[in-house]
Amino acid sequence: MTTDLELSRLLTRAAEAVPGVFESYPAANVVTVIAATVAEVVVSSVGGAAEASAGAANVAVERGSGRVDLHANVCIRADHSVPVTLRAVSEALATVMAATEDTPAYVHVRASRIE
Amino acid sequence: MSDLPVPGASVPGVGVPAAGAPASAPRDDLDGHTIEELSDYLDAGRNPRNTLIEQSPGCLIALDGLTRLRAATQAMLAAEAEQDARDDSWIGNVLNNITREARAGRDIPISDPDPRHSLSVTEGSVRGLIRAAADATGGAFVGRCELVGDVTLPGEPITVNVTVSVAWGSSLPVVTELMRARIFAALALHTELAVVAVNITVDDVHAVPAVPAPSSSSSATAATPPTPAPPATPPSPLPEDDK
């Protein structure tokens with residue numbers, strides 16, 4: 001079963017793989033991300049399946065009212081067009097979601113920095 | 001300790017900011033960090049790595065600005081210290097502006113054909129973009145940068161106001177035209193803003209470091225700043241009141 005934290009990691013990798021994306025940042029409050037990660041590690045430890053961090057989980061996954069809202073926060077390379085890259089990121093996230101579950105996904109992507 | 005003066009802080013070797021220098025920005029301006037902390041972090045070579053700083057776009061934009069400011073001002077500071085003409089208040093103001101401008105600010109919308117996709121670029125990142133484009137002009141350095149108009153509404157006319165310090169002896173028309181062209185180009189590539197004007201105000205002139213001259217060169221030659229190349233493409237039509 002895929003948890004939302006695992007889903008977030010999957011989405012983060014997809015976003016960062018888009019040409020022109022320099023890096024991503026936590027879209028949710030940093031404290032929330034750390035708390036979620038710690039909680040997962042604790043649960044995994046109890047279950048005997050503790051594993052090292054599987055990468056950043058920077059894409060926020062919010063569920064409610066029969067829909068999923070994804071929030072991504074990225075840095076775009078200055079030699080790539082921000083609008084073109086943002087559209088590619090939103091497309092990449094939507095593609096991952098479509099392959100993962102049937103819930104309608106609303107994708108919010110923000111360029112917080114241009115490198 | 002930082003190489004650069006920070007408002008309200010002493011700076012070894014280069015005096016202290018002028019008495020009128022503005023106070024430090026509030027502590028939470030950059031995701032809980034001050035410009036002084038970021039300056040010290042830069043001094044330490046960003047080591048040990050501070051995850052909270054490295055994951056904060058605002059902090060990273062401010063670090064970018066600090067890095068460029070240092071590169072641009074190190075020689076300038078030395079030259080002005082030699083002439084005892086140093087005015088730290090200008091640099092203090094630049095640091096405060098970097099802090100203020102690095103904040104995310106308003107979300108500037110980017111269009112997407114899919115109604116379930118919502119895209120935006122932060123005002124802070126656009127101000128950082130403008131600052132980087134202008135600083136790259138050579139012979140000038142940005143003091144303040146602002147976007148005037150409702151950037152949250154697509155198609156709304158937006159004016160960019162920039163204040164700069166220019167190296168003594170530079171051609172102001174050449175430097176400002178090149179800077180204006182770079183800013184227009186950067187905004188056209190990275191945003192969908194309807195930019196109607198880029199107003200550049202030269203509000204300071206800084207010294208140019210003396211270059212060790214060859215045996216027969218005159219001091220006048222050594223003091224001449226590099227002349228920026230003309231813009232590759234002509235800038236867009238500009239309002240008459242542009243400086």
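Q: What pattern does chain A follow when read along the sequence?
A: In this predicted model, chain A follows the pattern α-β-α-β-β-α-β, made up of 3 helices and 4 strands. A run is called a helix if it has at least four residues and a strand if it has at least two.

Q: What makes strand 4 of chain A and strand 2 of chain B a pair?
A: Two strands pair if at least two bridges are found between them. Strand 4 of chain A, residues 105-114, is joined to strand 2 of chain B by 5 bridges, so these strands count as a pair that crosses from one chain to the other. The two strands run parallel, and R110(A) stands opposite S120(B) of strand 2 of chain B.

Q: Which element gives the most to the side of chain B that touches chain A?
A: The contact takes 19 residues from chain A and 23 residues from chain B. Helix 3 (57-82), strand 1 (107-110), strand 2 (117-122), helix 5 (123-135) and helix 6 (172-190) of chain B each supply at least two residues of the side that touches chain A. Strand 2 of chain B gives the most, with 6 residues. By class, this side of chain B has 10 nonpolar, 9 polar and 4 charged residues.

Q: How do you know that helix 1 and helix 3 of chain A meet, and which residues are involved?
A: Residues are in contact if their C-beta atoms lie within 7 Å, and on that basis L7(A), L10(A), L11(A), A14(A) and A15(A) in helix 1 of chain A meet V89(A), A92(A), L93(A), V96(A) and T100(A) in helix 3 of chain A. The axes of helix 1 (residues 4-16) and helix 3 (residues 82-100) of chain A come within 9 Å and cross at roughly 145°, and the crossing is right-handed. The residues of this contact divide into 9 nonpolar, 1 polar and no charged.

Q: Why are residues such as I35(B) and Y41(B) called buried?
A: A residue is buried if 20 or more other C-beta atoms lie within 10 Å of its own. In helix 1 of chain B, residues 35-43, the residues I35(B), E36(B), L38(B), S39(B) and Y41(B) are buried, which means that each of them reaches that count. Just after this helix, G45(B) takes a positive phi of about 70°.

Q: What share of the residues in chain A is buried?
A: Of the 115 residues in chain A, 38% are buried.

Notes:
Residues are numbered from 1 along each chain as its sequence is written. Chains are lettered from A and ligands numbered from 1 in the order in which they are written. This is a predicted model: local features need pLDDT of at least 70, side-chain atom pairs count only at pLDDT 80 or more; totals for chains, interfaces and linings use all residues. Two residues are in contact if their C-beta atoms, placed from the backbone, lie within 7 Å. Ala, Val, Leu, Ile, Met, Phe, Trp, Tyr, Cys and Pro count as nonpolar, Asp, Glu, Lys and Arg as charged, and the others, Gly among them, as polar. A residue is buried if 20 or more other C-beta atoms lie within 10 Å of its own, exposed if 12 or fewer, and partly exposed in between; C-beta atoms are placed from the backbone. Axes are lines fitted to C-alpha atoms, for helices over the stretch in contact, and angles run from 0 to 180 degrees between N-to-C directions. A crossing is left-handed if the near helix is turned anticlockwise from the far one by less than a right angle, and right-handed if clockwise.
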